[in-house]
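This report covers the ligand shell, the nonpolar cores and selected strand pairings. The structure is shown first, and the description follows.

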Amino acid sequence: MTHPPPSQLELEYQAILQNAGVGILFTRNRRFEHCNPRAAEIFGWTPDALVGQPGSVLYFSEADYTDIGRRASPLLAAGQLFEQERLMRRRDGSAVFCQLRAKSINPHDSADGTIWIVEDISERKRAEQELRLLLLHQQAILDNASVGILFTCNGLIQHCNPRFEELLGYERGQLLGQSAQVFFKSADDYQRFGAAIGDDLAAGQRIEIEWRNRRIDDSLVWMRIMARALPQAGDEKITIWITEDIEQRKATEAQLAAAHAELQQRAAYLTFHDALTGLPNRQLLQERFSLAIAHADRECQRVALLYLDLDNFKHINDTLGHACGDALLQQVAQQLQQCLRQTDTLSRQGGDEFIALLTDLKDNQAAAPVLAKLMANLEQPFVLDGHELALTCSIGVALYPDDGRDFDTLLRKADMALYRAKDLGRNSHHYFNEDMGQQAGEHLRLRAGLRRALEHGELLLHYQPQFDLRSGALVGAEALLRWQHPEQGLIAPARFIPVAEESGLIAPIGAWVLEEVCRQGRAWLDAGLPPLQLAVNLSAVQFKRGDLEATVQQALARSGLPAHLLELELTESLLLHNTDAMLALVRRLKLMGVKLSIDDFGTGYSSLSYLKRFEVDKLKIDQSFVRDLLTDPDDAAIVRAIVQMAAGLGLRTLAEGVESAAVAERIAQFGCDEAQGYHYARPMTAPAFKEFLQRYAATAGLKGNGFARHPFSVTATDSPKKPLDHGH
Ligand SMILES: Nc1nc2c(ncn2[C@@H]2O[C@@H]3COP(=O)(O)O[C@H]4[C@@H](O)[C@H](n5cnc6c(=O)[nH]c(N)nc65)O[C@@H]4COP(=O)(O)O[C@H]3[C@H]2O)c(=O)[nH]1
C-alpha cells in the first residue's frame with residue numbers, strides 16, 4: 001500500500017477539519033492550539049480568536065473547568081475516551097449543551113495534547129426536556145382524572161390510571177400485563193363486547209358504549225366506555241379506553257323505569273277501575289254490559305241494571321270526615337260484592353253511587369231476591385273508627401230488553417227509578433216504569449245541564465241593593481245566582497241549588513260566585529263607586545266540605561277587594577252543627593276580616609249562644625215574617641223581638657222581602673237597621689246595578705230623605721208579569 005505525499009495528507013486533513021459537521025478542538029497545556037470552524041461556531045468564536053485561549057473560556061466558572069479536568073484526566077491518561085454531555089459557555093455568555101468526546105493524542109505524553117470532538121446537542125436536549133414535561137403532564141392527567149383511563153396493546157393492559165383500578169377494585173399496578181378480559185363477566189361477554197365495537201374500532205371511529213363489567217370481587221358495575229384505536233404503525237393495536245362508573249345513574253334509571261311501568265300499570269288499571277274501591281268503572285261496566293246482553297239474547301234471558309245510592313251518606317261524610325267516608329265506601333263495596341254472583345258486575349260511579357249489572361236472569365222477577373239481599377246486607381252494622389253505622393240504600397232498577405236496549409238508556413231509566421225510590425222515602429227500591437213523572441227527568445236534566453252551565457259560563461249574578469233605614473243610604477247588595485239556560489231562559493236558584501248541593505257541584509259553583517262577587521266589587525270600586533258591602537250566600541254543603549277558607553282567601557287576594565266589604569251569609573241550621581272544626585273555620589274567616597250574617601233568621605232553631613260564639617255581625621230577618629208584618633200581629637211581634645234581641649247582642653238587623661213603603665216604615669220604627677226588597681229594587685244584572693247606583697247617588701244626593709220616600713221606593717217592578725229580575 002502506497003501512502004500519498006505528506007502535503008496531500010495535510011490537505012485532506014485540512015479538508016476534514018474545515019468541513020466536519022462536528023466541532024474539533026486540539027488542546028495542549030490546557031489551551032486551544034487548533035480548532036475547526038464548526039468548533040468556533042458552536043461557541044460563538046472565530047477560529048483565530050479561539051486559538052490560544054485557555055480551555056476555561058468555554059466554562060461558566062473555574063470550578064466547572066476544574067471539575068471536567070478532574071473527571072477527564074484519569075481517562076485521558078489511560079488512553080481511554082472521555083465522554084460527557086455538558087452545559088458550556090459561549091463567547092457571549094449564553095449556554096450551549098454539548099456532547100464532548102476527548103482523547104489524548106499520545107497517552108504516554110500529555111504534552112502532545114488532547115483532541116476534543118464537540119457536538120451541539122441543545123436542540124436534542126430541548127426536545128428531550130419537552131418530552132419529559134409532556135410525559136409529566138400526561139401522568140398528572142392520568143393520576144388525577146375522575147374517569148378511568150386505560151391503554152391496551154393487542155388486548156393486553158399496558159397502562160391504566162388509579163381511577164380505573166379503583167373502579168374495579170384492583171391494587172395499583174395489579175392489572176398491568178393482564179388481558180382486558182379480566183374486567184368482563186366472562187369470555188363470552190368479552191367476545192360479545194368485541195363483536196359490538198370491533199368493526200367501528202378498527203375503522204378508527206370513536207366508540208361509546210355502556211357495558212356491565214366485573215370488579216375484582218366479582219360484583220358488577222355499569223360503565224360508560226369510550227374507546228378509540230390509536231393510529232399506530234405496525235401490528236400493535238393500541239387502544240385508549242375512557243371509562244366512567246354509571247352504576248348510580250343506571251340504578252336511578254332502573255328505578256324510574258320501574259316507577260314508570262308501575263304508573264302505566266296503574267293508569268291502565270284506573271282506565272277500567274275505580275281508584276277507591278277497585279271496582280270496575282263505568283267503562284268496564286259498559287263492556288261487560290255489551291257481553292251480557294249478547295249472551296242474554298242468545299239464551300232468551302234478561303239483564304238488570306241496578307242504580308244504588310246510599311241514603312244519607314253525605315251526612316256521614318260530613319260528620320265523620322272524608323277519610324271515614326272513604327273507608328266506609330270500601331267496606332260497602334265489599335259487602336255489596338258478596339251479594340252478587342261471579343258473572344254479575346258491581347261498579348262504582350263515584351260518590352256513594354254504585355251500579356250492579358245482573359246477568360243470566362230468567363225473567364223480570366229474577367232480580368228481586370238480589371235486591372232484597374243487597375238492602376238487607378247493608379243494614380248489617382259497619383264498624384268504623386269505633387263507630388257502629390247501619391246504612392240503608394235506595395235502588396232504581398231498569399231491565400233489558402224491556403226498558404231499553406242500550407246502556408245509556410237503561411242507566412238513565414235506572415237513575416229515574418232511583419229518584420223515585422228516594423222520593424218514596426229512601427231505603428227502598430223501585431223498578432222503572434214508563435209513566436214515571438217528569439220530576440226525575442227534570443232532576444237529571446238539571447244535573448247534567450248544571451255541569452255544562454259552569455263550564456260554558458251560563459251562570460251569572462244579579463245584585464239586589466240593601467239600604468240603611470235611618471239614612472236611606474245604599475249600603476250594600478246581595479249577590480244572587482242565576483242560570484241563563486240556553487233553552488229554558490233564566491232559571492232561579494231555588495230550582496237548581498238543591499240539585500247542585502246534591503251532586504256536589506255546589507263547591508265549584510260557590511267558588512265561582514265568590515270569585516265573581518269579589519272581582520265585581522273591586523271593579524266597582526275602581527270605577528269610582530262608593531264602597532258597598534257585598535253579601536254572598538253560602539250553602540251548608542259548601543261550608544262543611546271543600547276548602548271554603550282557601551276559596552275565600554283566594555277570591556279576596558286575586559281581586560284585591562277589601563275583606564270587610566265581603567259578607568258571607570250562613571243559615572241558622574248550619575251553625576247548629578256547632579262542632580269545634582266549624583267554630584275554628586268561622587273564626588279563621590272572621591280573622592280574615594270578612595263579615596258574617598245569618599240568612600233567613602227566625603226560621604231555624606234560634607239560639608243566642610251560637611250567635612255570640614260565631615261572632616256574627618248581622619241577622620237577616622226572614623221575609624216570611626216581614627211580608628205579613630202589617631196584618632199578622634204574631635209576625636210583627638217576632639220581628640220586633642228579633643230586632644231587640646239583636647240590638648242587645650250588638651248585632652245589626654236587615655229585613656228581607658220589604659215590598660211596600662208601609663212595611664219599610666214599620667220595620668224602621670222597630671229599630672231595624674237595614675232593608676232589602678222589591679219596594680226598593682229587584683235583583684238586577686251588574687251593569688244595571690251600576691247604573692242604578694249612579695242614578696241613586698245623583699238623586700239621593702238631591703233629595704237625601706229617608707226610606708219611606710226613597711227616590712227608588714216604588715219602582716213599579718212588582719208586577720207578576722215581570723221577568724225574574726230587573727236589568728236582564
Ligand atoms: N217575594 C220577594 N222576594 C224577594 C224580595 N226581595 C228579594 N227577594 C228574593 O228573596 C231571595 C233572597 O235571597 P235568600 O234569602 O238569600 O235566598 C236565596 C239563597 O238561599 C239561594 N241563593 C241565591 N244565590 C245563591 C248563591 O250564590 N249561592 C247559594 N248557596 N245560594 C244562593 O237562593 C235563594 C233564592 O234566591 P232568589 O230566587 O234570588 O231570591 C232572592 C230574592 O230575589 C221581595 O221583596 N219579595
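## Terms and basis

Two strands are said to pair if DSSP finds at least two bridges between them. Helices (H or I, at least four residues) and strands (E, at least two) are DSSP runs numbered from the N terminus.

The model is predicted; local features require pLDDT of at least 70 and side-chain atom pairs count only at pLDDT 80 or more, whereas totals for chains, interfaces and linings use all residues. Residues are numbered from 1 along each chain as its sequence is written.

## The β12-β13 hairpin

Strands β12 (residues 345-350) and β13 (residues 353-361) run antiparallel and are joined by five bridges. Thr 345 has Leu 357 of β13 as its bridge partner. Two residues lie between the strands of this hairpin, in which Gly 351 adopts a positive phi near 55°.

## The five-stranded sheet

Five strands form an open sheet in the order β7-β6-β10-β9-β8, with antiparallel pairing. Its edge strands, β7 (156-160) and β8 (207-214), each pair on one side only. On average, neighbouring strands of this sheet are turned by 35° against each other, direction ignored; axes are lines fitted to C-alpha atoms, for helices over the stretch in contact, and angles run from 0 to 180 degrees between N-to-C directions.

Within the sheet, seven bridges connect β9 (residues 220-229) with the antiparallel β10 (residues 238-245), and Ala 227 stands opposite Trp 241 in β10. Helix α7 (residues 187-202) lies across β8, β9 and β10 and runs at about 150° to β8.

## Nonpolar cores

A nonpolar core is a set of buried Ala, Val, Leu, Ile, Met, Phe, Trp, Tyr and Cys residues joined through C-beta atoms within 7 Å. A residue is buried if 20 or more other C-beta atoms, placed from the backbone, lie within 10 Å of its own. The largest core has 75 residues, and Ala 479, Val 536 and Leu 566 are among those with the most contacts inside it. Helix α16 supplies the largest share of this core, seven residues. Apart from it lies another core of 46 residues, including Leu 305 and Val 397.

## The ligand shell

Of the 23 residues around the ligand, Leu 481, Pro 493, Asn 537, Gly 677 and Tyr 678 come nearest; a residue is near a molecule if its C-beta atom, placed from the backbone, lies within 6 Å of it. At least two shell residues come from each of β19 (474-485), α15 (493-503), α16 (506-526) and β23 (595-601), and α15 gives the largest share, three residues.

Note on methods: Buried ≥ 20, exposed ≤ 12 C-beta atoms within 10 Å, placed from the backbone. Contact = placed C-beta atoms within 7 Å.
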